[in-house]
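This report walks through one structure, part by part. Have the view open and follow each heading in turn.

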There are 2 protein chains.
Amino acid sequence: MSRRPIAVFDSGLGGLTVVKALQKNLSNESIIYFGDTARVPYGNKSQALIQEYSEEITEFLIDKQAKMVIVACNTASALALNHLKQRFEIPLIGVIEPGAEAARSVTQSKHIGIIGTLATIRSEAYERALLNLDNTILTTVRACPLFVPLVEEGWLEGEVTIQIAETYLAEMISDNIDTLILGCTHYPLLIPVLEKVVGEKIRIVDSAETTAKYAAKWLQELDLLTKDSSHGSLENYVTDLPVRFRRVARRFLGREIDHVSTVHLS
Amino acid sequence: MSRRPIAVFDSGLGGLTVVKALQKNLSNESIIYFGDTARVPYGNKSQALIQEYSEEITEFLIDKQAKMVIVACNTASALALNHLKQRFEIPLIGVIEPGAEAARSVTQSKHIGIIGTLATIRSEAYERALLNLDNTILTTVRACPLFVPLVEEGWLEGEVTIQIAETYLAEMISDNIDTLILGCTHYPLLIPVLEKVVGEKIRIVDSAETTAKYAAKWLQELDLLTKDSSHGSLENYVTDLPVRFRRVARRFLGREIDHVSTVHLS
């Protein structure tokens, strides 16, 4: 039997940060990445629409023989993961629980800040996941709708980006959080700016790394890890080849992307 | 025969600035507004996809008995208007030619700046329209991908917005343009900031008002203006009811929006 791939999907290309973490932790696994670039961003869409899109994509990935689907999009994890779990039997992982788990293991003061898209923040999914782990944890949350376009524009540093980050984070800094969850796959690219703004006392947690480790652990438990010892492949599917695609993809993956196909859903 | 409506469509809600201008100029006309909010933004999508979406929407509007379709989205005007004209017989108006005409009538130095989304700027549609009017006109162009999210976030003033505008407009200001075309329906809301940044010597042109006048003139020539003397109605269709819909809609229309239906295309 040929090596079945792990599938990762996101609304756009931000989920490539999860692919990068998977390749580091599970270099023999083959990966399929699906970026719904025709319909990005999900962060300001309704729950019904996000569920519909996520379902279509999961069906596509199952057709591609995926052995596990990782919902790398925080918005889709927050608003559609349970919906998907009810509909599909394939192992499904979101990024919210791994992110919450990572933050819980880091926090000392038990006061955690959460940033994400409008839809993710409104869903309160991170608060619920954290309270499930420890009901004495306090949270301060803030939607940061300008961070995604800043990353896509490539303004990863500089005065404007710092000022926007200061505006978004002022309240949680004065609330004395000691841990900050980056609840969006675009945000890891802003870590240098965010570190400047929050200072050394606040630890920044991104879910890409923890999610990859969750995936590895679960695949092992299910005895689904590949036995093949050669390097795995990466295939990419997008719903539209957008303007500046390669430049943005390179930013997330840390190297050139190839094997890209454009597919049309529904 | 009942009053047939003028249809206006945009990728999102920015085209409501054109609706506002139509209501001012043609208060007896009924209007249908279509905002493709499930698939907004168009500005970083491929031409093929923008043409496909525009075609679906135009079919929907023709089914609704529209007597004219105004493509209020600059990106769709730039990339899909000719495609639509080949496929449909209904009178079709974009915003590029009216915007170019307005700028030509204002400029003294014949050096015009153009700002818009990535896709609009890449299409060079404004340059072509201006050169068609006067081939001695010079242009300086700049894509401003952060302006749409700034408007949707409601950051219509303040230091950050000014700095972003300064970054985007620096080159055209030093190039001595005397006229600036706002090549995106979101941008009129930034006029106060843009005026601060460009100073008094540069005239700002937005196409909403000129487009409404074009529509009035053409309807009159075709003898399609309504004979009804009562106030026209406004019906709104969106493809998704997004988070913060009413607040954003109010910002563009200048008052509360009602009669909104959600429709599912394709």
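## How a crossing gets its hand

A crossing of two helices is left-handed if the near helix is turned anticlockwise from the far one by less than a right angle, and right-handed if clockwise. With that in hand, take H1 and H10 of chain A: their crossing is right-handed. The model shown here is a predicted one.

The axes of H1(A) and helix H10 (residues 207–221) of chain A come within 8 Å. They cross at roughly 50 degrees. H1(A) and H10(A) are therefore oblique to each other. On the H1(A) side, the contact uses Thr17(A), Val18(A), Ala21(A), Leu22(A) and Asn25(A). On the H10(A) side, it uses Ala208(A), Glu209(A), Thr211(A), Ala212(A), Lys213(A), Ala215(A) and Ala216(A). By class, the residues of this contact of H1(A) with H10(A) are 7 nonpolar, 3 polar and 2 charged.

## The sheet of chain A

Chain A holds an open sheet of 6 strands. Their order is E4-E3-E1-E2-E9-E10, and the pairing is parallel. Which strands form the edges? They are strand E4 (92–93) and strand E10 (260–262) of chain A, each of which pairs on one side only.

Look next at strand E2 (residues 31–35) and strand E9 (residues 234–238) of chain A. These two pair in the parallel sense over 5 bridges. Within this pair, Phe34(A) of the one strand stands opposite Tyr237(A) in E9(A).

Helix H1 (residues 16–25) of chain A also belongs in this picture. H1 lies across strand E1 (6–10), E2, strand E3 (68–71) and E9 of chain A. H1 runs at about 170 degrees to E2(A).

## Helices H2 and H3

Two packed helices are described by the angle between their axes and the distance between the axes. For helix H2 (residues 47–63) and helix H3 (residues 74–87) of chain A, the angle is about 60 degrees and the axes are 9 Å apart. H2(A) and H3(A) are therefore oblique to each other. Their crossing is right-handed.

Which residues make the contact? H2(A) gives Gln47(A), Ile50(A), Gln51(A), Ser54(A), Glu55(A) and Thr58(A). H3(A) gives Thr75(A), Ala76(A), Leu79(A), Ala80(A), His83(A), Leu84(A) and Arg87(A). The contact of H2(A) with H3(A) has 5 nonpolar, 6 polar and 2 charged residues.

## Loops around H2

Two backbone details sit in loops. The peptide bond from Val40(A) to Pro41(A) is cis, with omega near 0 degrees. Pro41(A) is in the loop between E2 and H2 of chain A. In chain B, a cis peptide bond joins Val40(B) and Pro41(B), with omega about 0 degrees. Pro41(B) is found in the loop between strand E2 (31–35) and helix H2 (47–63) of chain B.

Gln65(A) has a phi near 70 degrees, a positive value in a residue other than glycine. Gln65(A) lies in the loop between H2 and E3 of chain A.

## Where the chains meet

How many residues does each chain bring to the contact? Chain A brings 26 residues, and chain B brings 26 residues. Helix H5 (118–123), helix H7 (147–153) and helix H8 (159–174) of chain A each supply at least two residues of the side that touches chain B. H8(A) gives the most, with 5 residues. By class, this side of chain A has 13 nonpolar, 5 polar and 8 charged residues.

H8(A) meets helix H8 (residues 159–174) of chain B. Their axes come within 10 Å and cross at roughly 160 degrees. H8(A) and H8(B) are therefore roughly antiparallel to each other. H8(A) passes H8(B) in a left-handed crossing. H8(A) makes the contact with Glu159(A), Val160(A), Gln163(A), Ile164(A) and Thr167(A). H8(B) makes it with Glu159(B), Val160(B), Gln163(B), Ile164(B) and Thr167(B). The classes in the contact of H8(A) with H8(B) are 4 nonpolar, 4 polar and 2 charged.

## How the copies are related

Two copies of a chain are related by a rotation about an axis and a shift along it. Here, a rotation of 180 degrees with 0.0 Å of shift along its axis superposes chain A on chain B, with an RMSD of 0.0 Å. That is the relation of a two-fold axis.

Why do the copies meet through the same surface? Because 100% of the interface residues of chain A are also interface residues in chain B.

Definitions and conventions. Residues numbered from 1 in each chain as written. Chains lettered and ligands numbered in written order. Predicted model: local features only at pLDDT ≥ 70, side-chain atom pairs only at ≥ 80, totals over all residues. Pairing = 2+ DSSP bridges. Helix = DSSP H or I, 4+ residues; strand = E, 2+ residues; numbered from the N terminus. Contact = placed C-beta atoms within 7 Å. Axes fitted to C-alpha atoms, helices over the stretch in contact; angles between N-to-C directions. Nonpolar A, V, L, I, M, F, W, Y, C, P; charged D, E, K, R; others polar. Least-squares fit on C-alpha atoms with pLDDT ≥ 70 in both. Parallel < 35°, antiparallel > 145°, perpendicular 65-115°, else oblique.
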